[in-house]
Amino acid sequence: MATDIFETRESQVRSYCMNWPATFERASGAYQWSEDGTKYLDFFSGAGALNYGHNHPELRDLVVEYVANDGVTHSMDMKTPAKRRFLETFERIILEPRNLDYKVMFPGPTGTNTVEAALKLARKVTGRQHILSFTNAFHGMTLGSLSVTGNSMKRKGAGIPLTNSSKIPYDDYFDGDIPDFLWLERVLEDSGSGVDKPAAVIVETVQGEGGLNAARMEWLKALHDLLKRHKILLIVDDVQAGCGRTGKFFSFEDAGIVPDIVCVSKSISGYGLAMALTLFKPELDVWEGGEHNGTFRGNNLAFVTGARALELFWSDDSFQKELAGRIDELKQGLEKIAEHVKGAYVKGRGFLTGLHFPNPDTAGKVAAEAYKRNMLMETSGPEDEVVKLMPPLTIDSEDLQKGLKILEEAVLAATGQMSEPSRLRPPH
Ligand SMILES: *Cc1c(COP(=O)(O)O)cnc(C)c1O
């Protein structure tokens, strides 16, 4: 089937389709089918936008019903029953049981939109300009988000200086030799340090794009306490690690902290629809009406599926419990596979996990070998040195084991321990 139009007409800015050249036509749960009928096991999950798998049947039926009834699709920030239901459900199922009193802001519908809103609000509230972020952080591709992102290739794409932010070392950056926050604590207390007091620190609890570095809970708690002492706002970017990806709805729950601002996007619609939230403590709600605006803040299809997804998966702890078992299963499987390669080890947390290889070329080869075996998985890290696994949280044990088996074969093939794939794709 023709793919010329993608090559001749679409910009070379494309990335995922360069590694995965199939034309994907249908999807369900943990699987996608290309036009030629090949079935792919998806351990990528839209980079975390599809935590409940592709086209969850109950959510899909709601979309069809809402559309068939001429429900309002686009509403700016006007009131709709769909938005009411989302807000009420989010309050009842997510905020109240966790004792979280957050105002909900709908920024534009993407991850970088919620990060921009968070940075803008932190600066407005504190009257300070400087933001601190971490080595290997990823927060999005617009200028404000890029300014707090680590990756040098992505930063260079800005084409202008990225200012008003500095990088500080993430947990374990110095391999445990240097005490945590030594530098940060010192410069905040030293009026002669020359480091402007920041408005906020923005952090991912697991660095999804930056190599699956997972902060320890005690490190997050210490960061939270240090910032509180210095009246600096803590922003948790939960765009990728949130919505259950690490085992709890918010990735910071086990640290026992309440961030001042939380960025949520990717899987909040539950269906892969564009949607984002910026959550903040009520006393930070200093916006003027319309001061931060956007045409696509009222994606009602996303409100409909988002509310239902919260009810389906988060109204009691049965889903979390099942997920915890699955997380253990994945971890054990990965640890066994890591034994095939000297120096390889498991990284990340929950279902945001993967394998680090000592040779930075290995991960890319493993992902390519997996694709040959009809499985999607991406790489992560500054040198793409980590194979990243993000199965849907709803995956059953059988499909999880299938994925682990393919990964094992891919690792063996990529490291020259097995020559031929046992199951090659049918020719196109
Ligand atoms: C994906 C991601 C973003 C950016 O989201 P977009 O929807 O691509 O703009 C921001 N922060 C984190 C942690 C992400 O993983």
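**Helix packing and ligand surroundings**

Helix H12 passes helix H14 in a right-handed crossing. The model is a predicted one, and the points below are grouped by topic.

**Helices**

- H12, which covers residues 318–338, packs with H14 at an angle of about 15°, and the axes of the two helices are 10 Å apart.
- Because angles under 35 degrees count as roughly parallel, H12 is described as roughly parallel to H14.
- Helix H13 (residues 361–372) also packs with H14 (residues 397–414), here at an angle of about 125° and with the axes 8 Å apart.
- That angle makes H13 oblique to H14, and H13 passes H14 in a right-handed crossing.

**Ligand surroundings**

- The residues around the ligand include Thr-110, Gly-111 and Thr-112, then Phe-138, His-139 and Gly-140, and also Glu-204, Asp-237, Val-239, Gln-240 and Lys-266.

**Polar contacts and burial of the ligand**

- From the backbone, an N or O atom of Gly-111 lies 2.8 Å from an oxygen atom of the ligand.
- From the side chains, a polar atom of Gln-240 lies 2.6 Å from an oxygen atom of the ligand, while a polar side-chain atom of Lys-266 lies 2.7 Å from an oxygen atom of the ligand.
- The ligand taken alone exposes 380 Å², of which the protein buries 81%.

Notes: Residues numbered from 1 in each chain as written. Predicted model: local features only at pLDDT ≥ 70, side-chain atom pairs only at ≥ 80, totals over all residues. Heavy atoms only, no water. Near = heavy atom within 4 Å. Polar contact = N/O pair within 3.5 Å; in protein donor to acceptor, adjacent residues only side chain to side chain. Areas by Shrake-Rupley, 256 points an atom, 1.4 Å probe, with all protein chains shown as cover. Axes fitted to C-alpha atoms, helices over the stretch in contact; angles between N-to-C directions. Helix = DSSP H or I, 4+ residues; strand = E, 2+ residues; numbered from the N terminus. Parallel < 35°, antiparallel > 145°, perpendicular 65-115°, else oblique. Left-handed = near helix turned anticlockwise from the far one by under 90°.
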